[in-house]
Amino acid sequence: MLNAPTAAPSPLKRAAAARLPTRFGEFTMLAYKAGDDSEEHVAVVKGDVADRDVLLRIHSECLTGDIFGSLRCDCGEQLALALQRIAEEGAGVVIYMRGHEGRGIGITQKLRAYALQDQGLDTVDANLALGLPVDSRRFDAAAAILRDLGVRSVRLMSNNPMKMLALQQQGIAVSQREVHEVAPTADSGAYLNTKRDRLGHWLGGGAPKSAETETLDAA
C-alpha cells in the first residue's frame with residue numbers, strides 16, 4: 001500500500017549538478033534535497049528531457065546490489081540496464097532514491113531480514129516478522145524532480161505497479177510501462193517469485209491478467 005503523506009513536505013530543491021562520464025556514456029548528475037529531509041536524491045540525466053516523453057527509471061537505493069553486486073536481488077543489473085537503455089536512446093532520466101534500502105527499512109534491518117530469509121521466510125514475511133512494514137517507500141520526491149526537469153510524460157522502466165501508481169497520484173503522466181527484467185540467478189529466483197506472487201510485480205511473462213495493456217491513458 002502507498003503511504004499517504006501526513007503533512008506537506010518541504011519543497012525539494014536542486015542543490016548541485018555536474019558532468020558524469022560513465023561506462024555507458026556521458027550523463028549529467030543533479031543532486032536534490034529538501035529542508036526537512038536528511039536524504040539527498042539524485043537524477044542522472046542524458047540529453048534534452050524538458051517537455052518530452054522520456055525513458056525513466058526510478059531506482060530505489062540498494063547498497064548490497066548496486067555497490068557490492070549481490071545476487072540476492074536484481075537491483076544492480078536493473079540500474080545498469082536502465083543507464084544502457086537511456087544511453088542507446090540518447091535521452092532519459094534515472095532517479096536514484098536514497099533512503100529506500102530494503103523497501104524503506106534500512107541496511108541493518110535488511111540484513112536481519114536476509115538472515116530470516118536464509119531460515120526459510122520470504123521477503124514479505126521476513127519484514128513482518130521483524131515488526132516492519134512490507135514497503136514504506138514514498139515517491140513524491142521523484143515526482144518533484146521530474147517537475148523540476150520539465151519532463152512532460154514518462155515511459156517507466158519498471159516491473160512494479162506501485163511506482164507507476166505513485167507517479168500518477170502525484171500528477172505525472174505515464175505514457176507507457178516498459179518491461180525491465182533481467183535474468184534471475186540461483187539466489188534471486190525465489191525473491192523475484194515472491195515479488196511477482198505477493199507484491200504484484202510484472203515478472204516472468206508480462207503483466208497480470210488485470211492489466212490488459214501496458215500503454216496507459218496519460219490524459
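**A loop residue, then the sheet**

Tutor: Let me start with D51, which counts as exposed at 57% relative accessibility, where exposed means over 50% relative accessible area, buried under 20% and partly exposed in between, with a 1.4 Å probe and protein chains only. This is a predicted model, in which local features need pLDDT of at least 70 and side-chain atom pairs count only at pLDDT 80 or more, while totals for chains, interfaces and linings use all residues. Residues are numbered from 1 along each chain as its sequence is written, and side-chain values use heavy atoms, with hydrogens and water left out.

Student: Where is D51 found, and what is its phi?

Tutor: D51 is found in the loop between β3 and β4, and its phi is near 60 degrees, a positive value in a residue other than glycine. R103, in helix α3 (residues 101-104), also has a phi near 60 degrees, but R103 is buried, at 10% relative accessibility. Helices (H or I, at least four residues) and strands (E, at least two) are DSSP runs, numbered from the N terminus.

Student: What order do the strands take in the sheet?

Tutor: The open sheet has 7 strands in the order β1-β2-β3-β5-β4-β6-β7, with mixed pairing, two strands being paired if DSSP finds at least two bridges between them. The edges are taken by β1 (12-22) and β7 (173-178), each with a single partner strand, so one side of each lacks a neighbour in the sheet. On average, neighbouring strands are turned by 25 degrees against each other, direction ignored.

Student: And β4, buried or exposed?

Tutor: Of the 8 residues of β4, 7 are buried, so this strand is largely enclosed by the rest of the structure. Strand β4 (residues 53-60) runs parallel to β5 (residues 92-97), with 5 bridges between them, among them those pairing I58 with I95 and S60 with M97. Strand β4 also runs parallel to β6, through 4 bridges, and L55 stands opposite R155 in β6.

Student: Which strands does α2 touch?

Tutor: Helix α2 (residues 75-89) touches β2 (25-34), β3 (40-46), β4, β5, β6 (153-157) and β7, and its direction makes about 160 degrees with that of β4. Helix α7 (residues 161-169) lies across β4, β6 and β7 at about 120 degrees to β4. Contact here means heavy atoms within 4.5 Å; axes are lines fitted to C-alpha atoms, for helices over the stretch in contact, and angles run from 0 to 180 degrees between N-to-C directions.

Student: Switching topic, how many residues are in the largest nonpolar core?

Tutor: The largest has 28 residues, and L56, L149, V154 and L167 have the most contacts inside it, a nonpolar core being a set of buried Ala, Val, Leu, Ile, Met, Phe, Trp, Tyr and Cys residues joined through side-chain atoms within 4.5 Å. Helix α6 gives the most to this core, with 6 residues. A second, separate core has 13 residues, including F24, L55, A80 and A82.
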